[in-house]
Amino acid sequence: MSGSGRSGRVDLKGEAIHWDLGAGLSYGRYLQLDKLLNAQKPLSRERDEMMFIIVHQTSELWMRLMLDELAGVLECVRRDELGPAFKGLMRISRVQSQLLSGWEVLASLTPADYSAFRNALGRASGFQSHQYRLLEFQLGNKNAEMIAVHRRDRAVYARLERALRAPSLYDEALRLLGRRGYGVPDSCLTREFSEPYHPSKQVAGAWLAVYHNAEKDWDLYELAEHLIDLDYKFQLWRFHHLKTVERIIGHKPGTGGTGGVSYLAKALQLKFFPELWQVRTAM
């Protein structure tokens, strides 16, 4: 009986493949794979450490893309060009899904697996990820204490300090609401941006008005929903982080000095765009 599929090699006849690249740019050189694939340096002989390193390095690459997209989104919101901003926010949403899936791979690490190489990490911890801290600052979770751990790296410290003092995405969104005639108080528009943002009843009222006027200001309504999606997925990321840590080390302290699960539980209470959550009850 013959099957419907073919067996054997792919027929390459008629394919104009460049077998000899000469001095031309190759895939490996373009992606600098020699550096990328040589950046995994386990400190132990445990096989599971390679997976641990790759998952965290991959997460940092995805965060690198998020930061790049977020920079473009911020600029578009400042210019009231929300169409391109939505494209960037949509891509950020897709990247967040990739970050979430990373916890599923890491969760395959058993307590015994991790204990076998954990001591090799010393004080190294994801708490020290400057890209994660940049994301939090640019999305609006400002905390000046968090940059102290980066003092030894002047370039990183300076970048974090600039992000701390700059308006966040939420600050820019509120400025846009104000320019569009929604009642955002001056205290929110001219505040000290390095300080944590405090929810405002007037801002909640402004967002509620946006939802009630969705047909008139559809782009602002869509912006609100994109922001909620971003915040929602960030909270899912934090929750998966907490449960993965709990699954692997229980309630032991983290390598960076935090309480581990207890610290991550505190972070679960944070919201970047608090009034957008509040108005759901009012609608």
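The model is a predicted one, and its protein chain contains 13 helices and zero strands, so that, read along the sequence, the pattern is α-α-α-α-α-α-α-α-α-α-α-α-α. Taken along the principal axes, the C-alpha atoms fill a box of roughly 70 × 55 × 45 Å. Among contacts with a separation of 6 or more, 72% come from residues 24 or more positions apart.

With this overall picture in place, one helix pair can be examined. Two packed helices are described by the angle between their axes and the distance between the axes. For helix H3, residues 48–78, and helix H4, the axes come within 9 Å and cross at roughly 165 degrees. Because angles over 145 degrees count as roughly antiparallel, H3 is roughly antiparallel to H4. The crossing in which H3 passes H4 is left-handed, and the contact of these two helices, sorted by residue class, has 20 nonpolar, six polar and two charged residues.

Helix H4, which spans residues 82–106, also holds Gln96. Is Gln96 buried or exposed? Its relative accessible area is 5%, and because the cut-off for buried is under 20%, Gln96 counts as buried. Once neighbours within four places in sequence are left aside, the residues in contact with Gln96 are Met66, Asp229, Leu230, Lys233 and Phe234. Met66, one of these contacts, falls within the residue range 48–78 of H3, whereas Asp229, Leu230, Lys233 and Phe234, also in contact with Gln96, fall within the range 218–249 of helix H11.

Helix H11 leads on to the second residue, Trp237, which is found in it. Trp237 has a relative accessibility of 14% and therefore counts as buried, by the cut-off of under 20%. Which residues does Trp237 touch, not counting those up to four places away in sequence? They are Leu99, Leu100, Trp103 and Tyr132, and of these Leu99, Leu100 and Trp103 lie in the range 82–106 that makes up H4. Between Trp237 and Gly102 there are 135 residues in sequence, yet their C-alpha atoms are 9.7 Å apart in space.

How values were computed. Residues numbered from 1 in each chain as written. Predicted model: local features only at pLDDT ≥ 70, side-chain atom pairs only at ≥ 80, totals over all residues. Heavy atoms only, no water. Helix = DSSP H or I, 4+ residues; strand = E, 2+ residues; numbered from the N terminus. Buried < 20%, exposed > 50% of the residue type's maximum accessible area, 1.4 Å probe, protein only. Contact = heavy atoms within 4.5 Å. Axes fitted to C-alpha atoms, helices over the stretch in contact; angles between N-to-C directions. Parallel < 35°, antiparallel > 145°, perpendicular 65-115°, else oblique. Left-handed = near helix turned anticlockwise from the far one by under 90°. Nonpolar A, V, L, I, M, F, W, Y, C, P; charged D, E, K, R; others polar.
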